[in-house]
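Thanks for making time. I will go through one structure, starting with a strand and moving on to some ring contacts.

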Amino acid sequence: MDLRNHLREKFPTLESERLLLRKIGAEDSDALFGCVTDPLVRRQTSFQRGTLMFPARLFRYFDDTYQSLRDLHFAIERKEKGGLIGVCSLQFWAPEAGKARLGYLLAPDFWNRGLATEAAKSLLKFGFETLRLNRIEARCSVDNPASEQVLRKCGFSLIEDGEATSINVYPGNGSGEPLKCYNLTRPEPAEEQKRICYTNEIYL
């Protein structure tokens, strides 16, 4: 069974110190809708207007993705209280190319607690170790320093080759904003790092 079919049959749950990342269910519809349509969140997203007409329509959008699995969407849930407080995703998953794009959103009531960083790190670990991705990309608005800080804490580097500011925009704020592009490559296994250091010691 290939990996996509395996994920369709049993979508994983990821665990970190304070969070569970799991499949989005119908019971999350209202919380999901409230989170995504909050004005502070909406302006940083690319959802089409029709997708945000009502909670069931938005949930159907996410539920449909579990069939194609082009995007892997995880609900962010606090262990202590439960309930969806955000979404963390690996988007545009291309297994053959070994790459995907990280995305995340969090309800404003839970900002500035390190939760977005914790969720992102958990998903990056899954992407590199389980999906065997070689590269994960990310984007954020040029005026969103909090999101940029999350990416830097996760080890991402700004692309400095003239494509650092993407021509793509988030339409959620009505006018759109340019985006900064970030990149993270799969860390070398610990044994390989040891071998490289040992080799350097021999020849230096």
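Strand 3 and strand 4 make a hairpin with five residues between them, and Gly82 in the turn has a positive phi of about 75°. This is a predicted model, so please keep that in mind throughout.

Phe74 stands opposite Cys88 in strand 4. Strand 3 also pairs with strand 2, residues 19–22, again antiparallel, through four bridges. There, Leu19 has Arg78 as its bridge partner.

Is strand 3 buried or exposed? Seven of its seven residues, 72–78, are buried. In a regular strand, side chains alternate between the two faces of the sheet. Here both faces are covered: Leu72, Phe74, Ile76 and Arg78 are buried on one side, and His73, Ala75 and Glu77 on the other.

Now the rings. The whole structure has six aromatic pairs. One of them is Phe11 with Tyr66, edge-to-face, at 5.0 Å centre to centre and 70° between the planes. Phe11 sits in the loop between helix 1 and strand 1, and Tyr66 in helix 4, so this pair ties together parts 55 residues apart in sequence. Phe11 counts as buried because its relative accessibility is 13%, under the 20% cut-off. For Tyr66 the value is 4%, so that residue counts as buried too.

Phe74 and Phe126 have ring centres 5.9 Å apart and planes at 70°, so they are edge-to-face as well. This pair links strand 3 to helix 5, 52 residues apart. Phe11, Tyr66, Phe74 and Phe126 form one aromatic cluster.

Finally, Lys23 lies over the face of Tyr66, 4.9 Å from the ring centre.

Note on methods. Residues are numbered from 1 along each chain as its sequence is written. This is a predicted model: local features need pLDDT of at least 70, side-chain atom pairs count only at pLDDT 80 or more; totals for chains, interfaces and linings use all residues. Side-chain values use heavy atoms; hydrogens and water are left out. Buried means under 20% relative accessible area, exposed over 50%, partly exposed in between (1.4 Å probe, protein chains only). Helices (H or I, at least four residues) and strands (E, at least two) are DSSP runs, numbered from the N terminus. Two strands pair if DSSP finds at least two bridges between them. Rings of Phe, Tyr and Trp (its six-membered ring) pair if their centres lie within 6.5 Å; planes under 30 degrees apart count as stacked, over 60 as edge-to-face and the rest as tilted. A charge sits over a ring if NZ of Lys or CZ of Arg is within 6 Å of the ring centre and within 35 degrees of the ring normal.
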